[in-house]
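The following questions and answers examine a predicted model.

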Amino acid sequence: IGHGSGITLGAVERFPIESIDLVEISKGVIDGSRYFYPFNHDALSDKRVRVLLEDGRNHVALTDKKYDIIISEPSNPWISGVGTLFTEEFFQLLKSKLNPGGIACIWVHTNLSPESFKSIIKTYRRSFPNVVMWESIVGDDYLLIGSKEPYHLRYEKTQEHLLEPEIKKDMKKIGVKKVEDLMSLVLMSGEGLDRFSEKAPVHTDDNLLLEFSTPAYIYKDDRVSLVRQLTPYFNIDVNLVSFDKDLGERERNRIRKGIASLKRSQSQIEEIKRKARIQGLLESAEEDFNAGRIVQAERKYAEILMIEPEHIMAYLNLGKVYQVQEKPKRAEWAYRKTLDINPFYIFGSLALAKFQIAFGKAEDAVNTLQKLNAWHSGDAEAWVYLGLAYSFLKRNGKAGTAFEKALRLDPGLPEAYYYAGIFYASGNVFRAKRNLKTFLELASGETSPKLVERARKLLSEL
């Protein structure tokens, strides 16, 4: 229930499921999610998915189907109507549509008042006798997974899934490589949830507290207070993990002891540290590059790629490093690598096209930019460089059209006026002077001094 960018749907599809009903009320959300294809594994193209454009609660209430798993990730409860997907009546509906042994998962975030957050937990617990809260994003996003019957995380089967290439690649991004990493995301369960939420009101259809209380917290952001209140209740129930019979008791005890010693969100904390290390290297490498320390910058980008082999910014900046070093083959490889990682990465397409123009591959640049325009025709800079590529190929009609398109899309883009001025200089002096004057008016400290100097010189000649 609730599609968003399709990340959850794409993650679910990594597992050996038979079919999925995706219920989303907005066609615009479905259409918009297509721009996230590189990240959601092109989720909507999976033949196991049936898309239902309808209200999530109505579907649960009226369908005759029962499910093994129901995941409810609607929009924020401060939006009118969404609160009805967090009421006791709705949670009872979820429970009634589960097969024996089935589980229901709901998402809840901390940009709510502590009372509202606790109200959701208390209400969910009234419907499901077995509930575990997982910390999806520390201090931000939480998942409540409930069932009518006691359930366990099967140690061997879970570890087997985490070693499957596609799942491994996904989970690595959030720091989960083994079962112990996953278990560190358990926050509390059962009686702990009851104690934490005991004084909160129950959220019902005829007492829609969330719809009226949560809007006050959109900009208040009381997450620190809520996280502080959660902390004393942190407790990982080692009994949540079950083992196959052929695993020896000594090994079971070793694993249980390791899980019991885990710190809260340990895997995420380690992932945060890893990302902080990458960010530090990025900033340092950029400083080196701007200061002319090209070799040092190259080493740091290479170090980033050792930590994160598909770090798109590292490849993009490596391309610039290789260009400065006059290593065109390496530069083109780096730019193309960004598009291998994400075919919809606009900056990768632009960098590759600029490189191709600079190294006399105008026809290749046209192809690169046409591919970009095929799915996103609204980027003014792309049209500027398409015009430049066409002008190098002496296709003046298409070049002029491209420059004018860029100027219409972004009347405040200095480079569009500069290159349009250069283009018109040989045939339409009036247009050339007008564009060059506008360029100089728009030029700022970020504008290349060389372009400013050339524009002034050409304008004086005209």
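Q: Which elements give two or more residues to the lining of the largest cavity?
A: The lining of the largest cavity consists of Glu115, Ser116, Ser119, Pro201, Leu209, Leu210 and Ser213. By class, three of these residues are nonpolar, three are polar and one is charged. The elements that contribute two or more residues to this lining are α6 (114-127) and α11 (209-213).

Q: Which strands stand at the edges of the five-stranded open sheet, and why is one side of each left without a neighbour?
A: The order of the strands in this open sheet is β3-β4-β6-β5-β8, with mixed pairing. Each edge strand has a single partner strand, so one of its sides has no neighbour in the sheet. The strands at the edges are β3 (67-72) and β8 (186-189).

Q: Which residue of β8 is the bridge partner of Val132?
A: Strands of a sheet pair through backbone hydrogen bonds, in either a parallel or an antiparallel sense. Strand β5 (residues 130-137) and β8 pair in the antiparallel sense, over three bridges. In β8, the bridge partner of Val132 is Ser189.

Q: What angle does the direction of α6 make with that of β4?
A: Helix α6 packs on the sheet and touches β4 (98-109), β5 and β6. The direction of α6 makes an angle with that of β4 of about 175 degrees.

Q: Is Asp141 buried or exposed?
A: Asp141 lies in strand β6 (residues 141-147). Beyond its neighbours within four places in sequence, Asp141 is in contact with Trp107, Val108, His109, Trp134, Glu135 and Ser136. Because its relative accessibility is 18%, and the cut-off is under 20%, Asp141 counts as buried.

Q: Which element gives the most residues to the lining of the second largest pocket?
A: The second largest pocket has a volume of about 970 Å³. Of the 28 residues that line this pocket, Lys320, Gln323, Tyr335, Lys354 and Tyr385 are the closest to its centre. At least two lining residues come from each of α14 (266-290), α16 (312-324), α18, α20 (380-392), α22 (414-424) and α24 (449-461). With seven residues, the element that gives the most is α18.

Q: How many nonpolar residues does the lining of the second largest pocket have?
A: The classes present in this lining include four polar and six charged residues. The number of nonpolar residues in the lining is 18.

Q: What distance separates the C-alpha atoms of Leu350 and Leu369?
A: Leu350 is part of helix α18 (residues 346-358), and its 6% relative accessibility means that Leu350 counts as buried. Apart from residues up to four places away in sequence, Leu350 touches Leu369, Leu372, Asp379, Glu381 and Ala382. Leu350 and Leu369 are 19 residues apart along the chain, and their C-alpha atoms are separated by 7.4 Å.

Note on methods
Residues are numbered from 1 along each chain as its sequence is written. This is a predicted model: local features need pLDDT of at least 70, side-chain atom pairs count only at pLDDT 80 or more; totals for chains, interfaces and linings use all residues. Side-chain values use heavy atoms; hydrogens and water are left out. Helices (H or I, at least four residues) and strands (E, at least two) are DSSP runs, numbered from the N terminus. Buried means under 20% relative accessible area, exposed over 50%, partly exposed in between (1.4 Å probe, protein chains only). Contact means heavy atoms within 4.5 Å. On a 1 Å grid over the protein atoms alone, a cavity is a set of points where a 1.4 Å probe fits but cannot get out, and a pocket is an open set with protein on both sides within 12 Å along at least five of seven lines; lining residues have an atom within 4 Å of a point. Ala, Val, Leu, Ile, Met, Phe, Trp, Tyr, Cys and Pro count as nonpolar, Asp, Glu, Lys and Arg as charged, and the others, Gly among them, as polar. Grid points are joined across faces, edges and corners, and a volume is the space filled by probe spheres set on the points. Two strands pair if DSSP finds at least two bridges between them. Axes are lines fitted to C-alpha atoms, for helices over the stretch in contact, and angles run from 0 to 180 degrees between N-to-C directions.
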